[in-house]
Amino acid sequence: MVPSDEVKRLRGIWKPIFPAVALLCTLPVIAQKAQETSPPKYDLHTETKMKVIVEEMKLPPKGSEKEVAHLQVKSGADSLDVYLCPKSFLDDMGVSFSKGDEIALTGSKVKQGEADLILAREVVKGSDTLVLRDDKGNPVWSWRR
């Protein structure tokens, strides 16, 4: 069966339009994936100070020193996930945390996907202060290491 002139004309119209339509249909999926994988941003409007007790220090697997180390902490009855900095930066600063450490924390409460977490800006342990972000919330470490 030979296509009619009308079918040929419609095919001719769709050839240049189809890639654009396909792209527009996939953009929401691409944007959602990028949002899920992009790191959360520090928000000065949600910055808070609190005293907490370290439950656990979670480090990235060996060979992933550029990945973020974080703490599981208790604040009263609440359990919180606190993102610190790349493990390599902690190592450079000579800082570690242990279960039961009492720390004072300044950080931003943010959401990543469904999870609530805190991006730490400053952590005080005893007489030591670990500054992780400047007063605008920008990291003080270099991701390029």
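How many helices and strands does the secondary structure of the protein come to? The answer is two helices and six strands, where helices (H or I, at least four residues) and strands (E, at least two) are DSSP runs numbered from the N terminus. The structure is a predicted model, in which local features need pLDDT of at least 70 and side-chain atom pairs count only at pLDDT 80 or more, while totals for chains, interfaces and linings use all residues. Residues are numbered from 1 along each chain as its sequence is written, and side-chain values use heavy atoms, with hydrogens and water left out.

From the N terminus on, the elements run α-β-β-β-α-β-β-β. Of the 145 residues, 27% count as buried (under 20% relative accessible area; exposed is over 50% and partly exposed in between, with a 1.4 Å probe and protein chains only). The protein exposes about 10,100 Å², of which carbon and sulfur atoms supply 56%; these areas come from the Shrake-Rupley method with a 1.4 Å probe. Among contacts (heavy atoms within 4.5 Å) with a separation of 6 or more, 47% are accounted for by residues 24 or more positions apart.

We turn next to the interior. In soluble globular proteins, nonpolar side chains tend to be buried together. Here, the largest nonpolar core has 20 residues, such a core being a set of buried Ala, Val, Leu, Ile, Met, Phe, Trp, Tyr and Cys residues joined through side-chain atoms within 4.5 Å. At least two residues each are supplied by strand 1 (47-58), strand 2, strand 3 (78-86), helix 2, strand 4 (102-112) and strand 5 (115-125). Leu132 is one of the residues with the most contacts inside this core, and its partners beyond four places in sequence include Leu84, Val123, Phe89 and Trp141.

Those last two residues, Phe89 and Trp141, also form an aromatic pair, and the structure holds one such pair. The pair is tilted, at 6.0 Å centre to centre and 50° between the planes (ring centres of Phe, Tyr and Trp, the latter by its six-membered ring, lie within 6.5 Å; planes under 30 degrees apart are stacked, over 60 edge-to-face and the rest tilted). Phe89 lies in helix 2 (residues 87-93) and Trp141 in the segment after strand 6 (128-131), so the pair ties together parts that are 52 residues apart in sequence. Both Phe89 and Trp141 are buried.

The Gln72 side chain reaches the backbone oxygen of Leu80 at 3.4 Å.

Conventions. A polar contact is a pair of N or O atoms within 3.5 Å; within protein, one must be able to donate a hydrogen and the other to accept it, and residues adjacent in sequence count only if both atoms are side-chain atoms.
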